[in-house]
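Here is a short briefing to read alongside the model. Have the viewer open and follow the topics one by one.

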Amino acid sequence: MADAAPLPPWLVRPGPKRILSIDGGGVRGALAVGVLAKLEAMLRDKLGRPGLVLSDYFDLIGGTSTGAIIAAGLALGRDTETLRRLYHDLGPRVFVRNPLRLPGVQARFDPRRLERVLVEELGPATLADADWKSGFCAVAKRVDTGSTWVMTNCPRAKYWDGDPDEGARQPNPALRRTVANKDYILAKVVQASAAAPFFFDLVPIEVERGKPGVFFDGAITAHGNPALQLAMTALAPAYGFGWAAGADRLMIVSVGTGAARPMKPGWVKPPLLAAWKAIHALMSVAYDTSELAVSTLQWLGASPRPWRINSEVGGFEDARPAGMAPLWTFIRYDAPLEAGWLQRNLGRTVEPRTLAALQKLDDDAQIPLLHQIGLEAGERQVRAADYPQGFDPAS
């Protein structure tokens, strides 16, 4: 029997671990890229490494939907300037409306456009043979089984080599029915995570020989903000990472895409169309699950600057159960696309029409402004003092 391949350095090297998580949000991913540019610049300056990219600092980079696109690029060693150019190019190429596509029958946008961009950027590599510089994770929803899939490049994951029970029965991999996770095409995994319903069609991935599973956007799970799932992925033995908890052992940095609180003050009286209520309810659930992830991570961890949840609980400062040590250090960055927040925190006044356009998932004309807002938020939020020396990676 051939010796097993060596485990990747990012998985097993000693010392504290650092996780970077990026939310879903369509073209608003450009806002996250702006924040990440400031984070990258700060770490370069702090560590005296002008060529540093975020995969040099973080051991695991993951995302959902547009966050999975960003995470894949970063985990492959791309810098934030490359991702800025990708988003400026991606919007006009992908979000092209075709009047021949039937509303309500076909997805708004041709999914082949997104597929082409991802294949150009990520190539034909699989989860196993991509040129990874860090750990990677993407979240998608498998529709035919109704399950949430957390797909990583961890070679110790249960299904990395296929179904272990089947492997015990059939030693020849070529004769096994189940396709090993390591053989999934990276571009297809990212496309599956980003296949937002209504905007794009479902994405098939062959999970059994000749039998695809079908997936759509991971934001249609509880993990549109995947930071809590990434914490579980790092710590729960089933996922294969097996890292240790502790405020000085695990850092989780979560970057948002500007999602605004889905308020409807004019709905004191019931609206006329039930469909609008249903759509609003789905948007509210997505927002609330993101807030729950941030709340839980701050409640059970240590945060140098807790993100404000609401007026009742603040940021869950000093709220851990009595006697419980923090499980991690948690940092949240975002720029909620709300007029009041932007004015108070960035000194930026945005007219209602522009604000409504910024909040959309598919208005590619807003990408430059979204990126600029992310840069401004990063300038005000990212601080070297929040990254103690104990978390510095070995040179």
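In which hand, left or right, does α4 pass α5? The crossing of α4 with α5 is right-handed, a term for the near helix being turned clockwise from the far one by less than a right angle. This is a predicted model, where local features need pLDDT of at least 70, side-chain atom pairs count only at pLDDT 80 or more, and totals for chains, interfaces and linings use all residues. Residues are numbered from 1 along each chain as its sequence is written, and side-chain values use heavy atoms, leaving out hydrogens and water.

**Helices α4 and α5**
- The axes of α4 (residues 66-75) and α5 (residues 80-94) come within 11 Å and cross at roughly 140°.
- In contact (heavy atoms within 4.5 Å) are Thr 66, Ile 69, Ile 70, Gly 73 and Leu 74 of α4 with Leu 83, Leu 86, Tyr 87 and Leu 90 of α5.

**Helix α8**
- Seven of the eight residues of α8 (residues 186-193) are buried (under 20% relative accessible area, 1.4 Å probe, protein chains only).
- Among the buried residues of α8 are Leu 186, Val 189 and Gln 191.

**Asp 334**
- Asp 334 sits in the loop between β8 (329-333) and α11 (339-346).
- Asp 334 counts as buried because its relative accessibility is 6%.
- The side chain of Asp 334 reaches the backbone nitrogen of Gly 258 at 2.8 Å.

Notes: Axes are lines fitted to C-alpha atoms, for helices over the stretch in contact, and angles run from 0 to 180 degrees between N-to-C directions. Helices (H or I, at least four residues) and strands (E, at least two) are DSSP runs, numbered from the N terminus. Buried means under 20% relative accessible area, exposed over 50%, partly exposed in between (1.4 Å probe, protein chains only). A polar contact is a pair of N or O atoms within 3.5 Å; within protein, one must be able to donate a hydrogen and the other to accept it, and residues adjacent in sequence count only if both atoms are side-chain atoms.
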